Amino acid sequence: MALVFSLPPPSSPSFSSHCFSISLSSGHQSGRRIRFLPVAATTTTHNRQHSIPLDKSSLAVAEASEEDQLWAAACLRVRSFYDFQDSSYGIHDHKRYLTEREFVALKERIAGKRKGFKRVSCINATLPLSQLSSSANDLCAACKFTSNGEDRVVVGTLDLNQCLWLPEEIAGTKPEGIEAGFGRAYLSNVCVARELHRNGLGYDIVTKSKIVAEEWVLHQMVEAKCITDAYLGHLA
């Protein structure tokens, strides 16, 4: 198995994209592979602020499916990708509108209802509310959810998308020739709460996305083998 991973340049104003590829092989026969390609993401110009150091022993990084946690992820994305003037008229209604729009779109992508997406997973990094409540009140209020009776906060999030290319993608070059038919995975909507930058949370969610992508590849290989075996059995 080969992994290639590249980071955006240090001068980038915010964490905007990642790209890497995963190839599974056994002996001389190569299995199907998922390639991760760079995706342009919205960047913000938040003033750099002091980062809160974290004890990551209670950090959980996992795929999200419950609506409560997907809403919290949508809140973090709106909070991260837009600059707001809190004194502006109607700003809270506008924030909620943007969050609802992302929440609905995220649910539809995960459910397979958005054209062009074969599979989508929302991967979140979360911490207990009690660990952050005294140092990041605004983040806790915006991105809190409850899981198994415990209040937690989404502190990092991304989408892992399996498709030939992201619908409406306007940047990058689409593969051609023999690579045009490979299943590829794209990372999008990558963000970490600005109060918690420089704690390795972006690395954690991207690392988890690699693991999930590998599981997708293995699942596809098993499915393909079952179909092939059934076809050969029919011929026999």
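## The overall layout

Welcome to a predicted model. The protein chain has five helices and eight strands. Starting at the N terminus, the order of these elements is β-β-β-β-α-α-β-α-α-β-β-β-α.

Of the chain's 236 residues, 42% count as buried. The chain exposes about 13,500 Å², and carbon and sulfur atoms supply 53% of that area.

In soluble globular proteins, nonpolar side chains tend to be buried together. Here the largest nonpolar core has 35 residues, and the members that touch the most others are L132, L139, V153, V155, L158, L160 and L196. Two or more residues come from each of helix 1, strand 5 (119-128), helix 3 (129-132), helix 4 (137-142), strand 7 (150-163), strand 8 (184-192) and helix 5 (201-235). Helix 5 gives the largest share, six residues.

Leaving aside residues up to four places away in sequence, L132 touches L54, L127, C140, V153, V155 and L196. There is also a second, separate core of seven residues, among them A64, L70, A74 and L106.

## A pair of aromatic rings

The model has two aromatic pairs. One of them joins W71 and F103 in an edge-to-face arrangement, with 5.3 Å from centre to centre and 80° between the planes. W71 belongs to helix 1 (residues 67-81) and F103 to helix 2 (residues 91-110), so this pair ties together parts that are 32 residues apart in sequence.

W71 is partly exposed, at a relative accessible area of 22%, whereas F103 is buried, at 12%.

## The cysteines

How many disulfides does the model contain? The count is zero. A disulfide is a covalent bond between the sulfur atoms of two cysteines. For C140, the closest cysteine sulfur is that of C143, and the distance of 8.7 Å is too far for a bond; the cut-off used is 2.5 Å.

C140 is buried, with a relative accessible area of 5%, and it is also one of the residues that L132 touches. C163 counts as buried too, at 5% relative accessibility.

Technical notes. Residues are numbered from 1 along each chain as its sequence is written. This is a predicted model: local features need pLDDT of at least 70, side-chain atom pairs count only at pLDDT 80 or more; totals for chains, interfaces and linings use all residues. Side-chain values use heavy atoms; hydrogens and water are left out. Rings of Phe, Tyr and Trp (its six-membered ring) pair if their centres lie within 6.5 Å; planes under 30 degrees apart count as stacked, over 60 as edge-to-face and the rest as tilted. Helices (H or I, at least four residues) and strands (E, at least two) are DSSP runs, numbered from the N terminus. Buried means under 20% relative accessible area, exposed over 50%, partly exposed in between (1.4 Å probe, protein chains only). A nonpolar core is a set of buried Ala, Val, Leu, Ile, Met, Phe, Trp, Tyr and Cys residues joined through side-chain atoms within 4.5 Å. Contact means heavy atoms within 4.5 Å. Accessible areas come from the Shrake-Rupley method with a 1.4 Å probe; for residues, only the protein chains shown count as cover.
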